[in-house]
Amino acid sequence: MNQRSSNLLDEALGLDQVIEPWPLRGQVVAIEDQVETSGSFVLHHLLKRSLSPNSSNVTIFIAFSQPFSHYDRILRKLGCNLVSQRDNSRFFFFDMLKLQCPDGDEGITPEGGLIALYGKIHKTISALPEISWKNVSIIIDDLSLMEVAANGSSDYVLDFLHYCRTLTSEFDCSLITLNHEDIYSSEDRPTFFIQMEYLADILIKAEPLATGLATDVHGQLTVSNKGRNKVSNFHFKVKENVVECFYPGRS
Amino acid sequence: MAESTYRALRDGALEGELAPALTIKDSVASPFALQVFSHVISQLFSSILAGKSQSRGLVVVSFSRSPSFYLDLLKNKGTDVASSNKQIQILDCYSDPLGWKDQLAGSRNFTALSNEALVSSNAIVFREVKHMDKLYNSIIELGKGLVRGGKIRFSIAIDSADEMLRHAPVSSVARLLSNLRSHDHISSIFWLLHSDLHEARVTAVLEYLSSIVASLEPSHQLANGQRGDLENFSLIKHNSKKGKFHVRFKKRNGRVRVMSEEVHIEQSGINFTSLPSEGAINQGLVPKVQFSLQLSEKERIDKANVVLPFEHQGNGKPIQIYDGRRSLVDSKHERPVAAVENVQTNENCGSGEIIYYRDSDDEMPDSDEDPDDDLDI
């Protein structure tokens, strides 16, 4: 049941076929959402796929938004046990909710801030056997909160994201981020937001329908896969245990 | 036309002049600057290897991609990069631009990998991207090492100017680019720019520094940015594979040449084709009003057949000067009236003609000479 209904999303991302080695390796996936259409479900879906028993993927989850218990509860409904994955060293949870970067120098010291976080991620991946490196996914939830933690310095966050990107080249791992479009829509030039669009190899946008609210459809997803030069668009409905994706007109 | 862009880079700089500089500019709506940039790099490098260009080496200053991206790119185009490390060098501003890895290694919280990608005969890691003057020195040093001094020149490719602008103020970046252009050893220089990441004035500064500006625009403009409906989605899909490529050349004699092409993005690379015919575009631009703004075939032939009444060319009749004191009726009796039919008119077509009487003798008669001819520019 799960397989079938999420197929459109998996198909658009190349996850519908074999997932070992991880099809998203070496790529940056940027998820963009709005208040009306939260894109967290995409994050949860990717997390679930990444921790599938069919693969040997390792996920490093960097949480600025919610504590571990929140994700544990949601993934349990999707059929994935984060606690046991964590115990098996397939899931590393970095709780950054209390991170406050030192003022002024914006984290020049390697002890604190985003430089240290980068160091920690690098250390975690290096500690894994080399064969597993390309099966590592780094998930960040979410970038706007990281910016808050960095005292509003989007430059610092962009530097950090750049270094995370070097990880994708160095280890061939994947980087998945979530950001909120409407936070930046009031700016004349939402530089930080647009930067992510340029950085991303795959861009997933969750938006409301042009026609407004509906009971059967929660919103639409547009997946732009630059590597495959393919753009897909379909509707989705988030249910308790699953997300249904379908082309317009077929609920 | 994309060819003439790369040709300008290939031909390089004249003695005592600034090196040609190209800005490749795009926006999120048509984010193909990287593909164009890669295309230009591979074309230029092929001509460097073949000895067909003024420059004998290429320095790639890479902020956004790893050095292996460019080496693989050239390898895929059939270049034997391994043996050509004397002709290409990459200043690696990607792997550790701010020196974080060094700092972390220092605090022993970090085990730097002995990464083969970082240590390569083609790439040198640069760790101080906030310092434009050090960057400048490193670029020059790398390039000089490549061509080994003398009068030989090298070319520079920068990926991308956005990263430089993020790390340093626009004045420093402008100074760096300007200094590079004026350097004796630089043959040509080109860079990538995402216009929507900067204020208009910043983009303008970089455009002023360029002799060629290539901009990428979407084939179809989206309606008010909303991706809501199906129609918009099909435009988005269209725009992801195609775009318009406009190039503005500033020539040495001061003239500006503007050209446009269509660019197609494929898995294997990009293709340039000429834009769909001008007529097709113009048809669409003619506003729909109640009067006829177009000429029919017959009307066009008639128009072409009307002989213009230039007096100096003569039409076999005496030149008449209109004498305002007499009415035309009177003058008919006194002087032979200018024949209504022009002897040069083709008798088959309609009787379109222009009858012109010069007002007075004070007016200069028409002449074939261009009055500006005696100007000494």
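Helices here are DSSP runs of H or I with at least four residues, strands are E runs of at least two, and both are numbered from the N terminus. With that in hand, chain B has 12 helices and 10 strands. Keep in mind as you look around that this is a predicted model.

Let's stay with chain B for a moment. It has 377 residues, and 42% of them count as buried. If you take the contacts in chain B between residues at least 6 apart in sequence, 74% join residues at least 24 apart.

Now for the sheet. In chain B, 10 strands form an open sheet, and reading across you get E4-E3-E2-E5-E6-E1-E7-E8-E9-E10, with mixed pairing. At the edges sit strand E4 (123-125) and strand E10 (269-274) of chain B, each of which pairs on one side only. Step from one strand of this sheet to its neighbour and the turn is 20 degrees on average, ignoring direction. As background, strands of a sheet pair through backbone hydrogen bonds, either parallel or antiparallel. For an antiparallel case, go to strand E8 (residues 242-250) and strand E9 (residues 256-266) of chain B, which are joined by 9 bridges. If you want one pair to click on, Arg248(B) has Val258(B) in E9(B) as its bridge partner.

Next, the helices of chain B. Two packed helices are described by the angle between their axes and the distance between the axes. Start with helix H1 (residues 2-11) and helix H2 (residues 33-49) of chain B: their axes come within 10 Å and cross at roughly 50 degrees. That angle makes H1(B) oblique to H2(B), and the crossing is right-handed. On the H1(B) side the contact is made by Glu3(B), Tyr6(B), Leu9(B) and Arg10(B), and on the H2(B) side by Val40(B), Gln43(B), Leu44(B) and Ser47(B). Sorted by class, this contact of H1(B) with H2(B) has 4 nonpolar, 2 polar and 2 charged residues.

How do helix H5 (residues 132-147) and helix H7 (residues 170-182) of chain B cross, and at roughly what angle? Their axes also come within 10 Å, and the angle is roughly 20 degrees. Angles under 35 degrees count as roughly parallel, so H5(B) and H7(B) are roughly parallel to each other. Their crossing is right-handed. H5(B) brings Met132(B), Leu135(B), Tyr136(B), Ile139(B) and Ile140(B) to the contact, while H7(B) brings Ser172(B), Val173(B), Leu176(B), Asn179(B) and Leu180(B).

One backbone detail in chain B deserves a look before moving on. The peptide bond from Asp159(B) to Ser160(B) is cis, with omega near 0 degrees. Ser160(B) belongs to the loop between strand E5 (153-159) and helix H6 (161-167) of chain B.

Over to chain A, which has an open sheet of its own. This one is made of 9 strands in the order E3-E2-E4-E5-E1-E6-E7-E8-E9, again with mixed pairing. Its edge strands are strand E3 (91-95) and strand E9 (243-246) of chain A, each pairing on one side only. Neighbouring strands in this sheet are turned by 20 degrees against each other on average, direction ignored. For a parallel pair, pick strand E1 (residues 28-33) and strand E6 (residues 202-207) of chain A, joined by 4 bridges. Within that pair, Val29(A) has Ile202(A) in E6(A) as its bridge partner. Helix H4 (residues 68-77) of chain A lies across strand E2 (58-63), E3 and strand E4 (136-141) of chain A, at about 140 degrees to E3(A).

Chain A has a cis bond to inspect too: the one from Asp141(A) to Asp142(A), with omega near -10 degrees. Asp142(A) lies in the loop between E4 and helix H7 (143-149) of chain A.

Finally, check phi at two asparagines. Asn151(A) has a positive phi of about 60 degrees although it is not a glycine. You'll find Asn151(A) in the loop between H7 and helix H8 (154-171) of chain A, and at 36% relative accessibility it counts as partly exposed. Asn229(A) also has a positive phi, near 55 degrees. Its loop runs between strand E7 (219-225) and strand E8 (230-238) of chain A. Is Asn229(A) buried or exposed? With a relative accessible area of 13%, Asn229(A) is buried, because the cut-off for buried is under 20%.

Technical notes:
Residues are numbered from 1 along each chain as its sequence is written. Chains are lettered from A and ligands numbered from 1 in the order in which they are written. This is a predicted model: local features need pLDDT of at least 70, side-chain atom pairs count only at pLDDT 80 or more; totals for chains, interfaces and linings use all residues. Side-chain values use heavy atoms; hydrogens and water are left out. Two strands pair if DSSP finds at least two bridges between them. Axes are lines fitted to C-alpha atoms, for helices over the stretch in contact, and angles run from 0 to 180 degrees between N-to-C directions. Contact means heavy atoms within 4.5 Å. Angles under 35 degrees count as roughly parallel, over 145 as roughly antiparallel, 65 to 115 as roughly perpendicular and the rest as oblique. A crossing is left-handed if the near helix is turned anticlockwise from the far one by less than a right angle, and right-handed if clockwise. Ala, Val, Leu, Ile, Met, Phe, Trp, Tyr, Cys and Pro count as nonpolar, Asp, Glu, Lys and Arg as charged, and the others, Gly among them, as polar. Buried means under 20% relative accessible area, exposed over 50%, partly exposed in between (1.4 Å probe, protein chains only).
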